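Subject: Structure for you to look at

Hello,

Here is the structure I promised to pass on. Please open it first, then read my notes below.

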Amino acid sequence: MDGMIAMLPAPLQKLSSHIDFQGQKVAERTYQVILTLAGIIGFFVGFWTQQLSYAIFTVMGASAFTGLIILPPWPFLFRKNPIVWQTPTEEQETSSDSSEKKDDKKKKETKKTK
C-alpha cells in the first residue's frame, strides 16, 4: 500500500487513507443496501420501459454513486472511532533466557509423565 501511495502526487500523499473497524462495517452495509435497492429499482425500470439497457444504466449509476460515497475515507462517516493502540512494553527477559526456561519446562514435563 505504501508503494501505491508513493506514486501519488505530493498533495495527495498527505491525505489520510485509513478507516476504523466500525467505519468498515458502515461502508460495507451502505454499499450492500444501495446496490440491492438499485438492483430492485433497475429491474422495475427495465420492466416498465421494456429496455434492459435502462435497468443496467440504473445499476451502473448506483454503483458510481456508491463509489463516491464509500471510496474516500470521509472523517464524518468512517473515522469516528479511532483505534487507540497500547504502548509497547520492554521485554524483561532476553530470548536466550526464555528458551532455556522452555527447555527446563519440557524436561520437567517428561519426568512427570515417566
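How many aromatic pairs does a search of the whole structure find? The search finds two. Before the details, one caution: this is a predicted model.

**The aromatic pairs**

A pair of aromatic rings is described by the distance of the centres and the angle of the planes. Take Phe 43 and Phe 44 to begin with. Their pair is edge-to-face. The centres are 5.4 Å apart, and the planes make 75 degrees. The other pair joins Phe 43 and Phe 47, and this one is stacked. Here the centres are 6.2 Å apart, with 15 degrees between the planes.

Where do Phe 43 and Phe 47 sit along the helix? Both belong to helix α3, which covers residues 21-49. They are four residues apart there, so about one helical turn separates them.

Together, the ring pairs link Phe 43, Phe 44 and Phe 47 into a cluster.

**The chain as a whole**

The chain has six helices and zero strands. Read from the N terminus, the order of elements is α-α-α-α-α-α. The chain has 114 residues, and 11% of them count as buried. Now consider contacts between residues at least 6 apart in sequence. Of these, 61% join residues at least 24 apart.

**How α3 meets α4**

Helix α4 covers residues 52-70. It packs with α3 at an angle of about 160 degrees. The two axes are 7 Å apart. Angles over 145 degrees count as roughly antiparallel, so α3 and α4 are roughly antiparallel to each other. The crossing of α3 past α4 is right-handed.

What kinds of residues make up the contact of α3 with α4? The contact has 15 nonpolar residues and eight polar ones. No charged residue takes part in it.

**Two threonines**

Thr 30 lies in helix α3, and Thr 66 lies in helix α4. In sequence they are 36 residues apart. In space their C-alpha atoms are 8.0 Å apart.

Is Thr 66 buried or exposed? Thr 66 is buried, because its relative accessible area is 6% and the cut-off for buried is under 20%. Thr 30 has 25% relative accessibility, so it counts as partly exposed.

Their contacts are worth a look too. Leaving out residues up to four places away in sequence, Thr 66 touches Tyr 31, Ile 34 and Leu 35. With that same exclusion, Thr 30 touches Ile 69 and Ile 70.

**The loop between the helices**

One more residue to check is Gln 50. It is found in the loop between α3 and α4. Most residues other than glycine have a negative phi. Gln 50 has a positive phi of about 60 degrees, although it is not a glycine. Gln 50 counts as exposed, because its relative accessible area is 59% and the cut-off for exposed is over 50%.

**Where to start**

Begin with the cluster of Phe 43, Phe 44 and Phe 47. Then follow α3 to the loop that holds Gln 50. From there, go on to α4 and find Thr 66.

Best wishes

Terms used:
Residues are numbered from 1 along each chain as its sequence is written. This is a predicted model: local features need pLDDT of at least 70, side-chain atom pairs count only at pLDDT 80 or more; totals for chains, interfaces and linings use all residues. Side-chain values use heavy atoms; hydrogens and water are left out. Rings of Phe, Tyr and Trp (its six-membered ring) pair if their centres lie within 6.5 Å; planes under 30 degrees apart count as stacked, over 60 as edge-to-face and the rest as tilted. Axes are lines fitted to C-alpha atoms, for helices over the stretch in contact, and angles run from 0 to 180 degrees between N-to-C directions. Angles under 35 degrees count as roughly parallel, over 145 as roughly antiparallel, 65 to 115 as roughly perpendicular and the rest as oblique. A crossing is left-handed if the near helix is turned anticlockwise from the far one by less than a right angle, and right-handed if clockwise. Ala, Val, Leu, Ile, Met, Phe, Trp, Tyr, Cys and Pro count as nonpolar, Asp, Glu, Lys and Arg as charged, and the others, Gly among them, as polar. Buried means under 20% relative accessible area, exposed over 50%, partly exposed in between (1.4 Å probe, protein chains only). Contact means heavy atoms within 4.5 Å.
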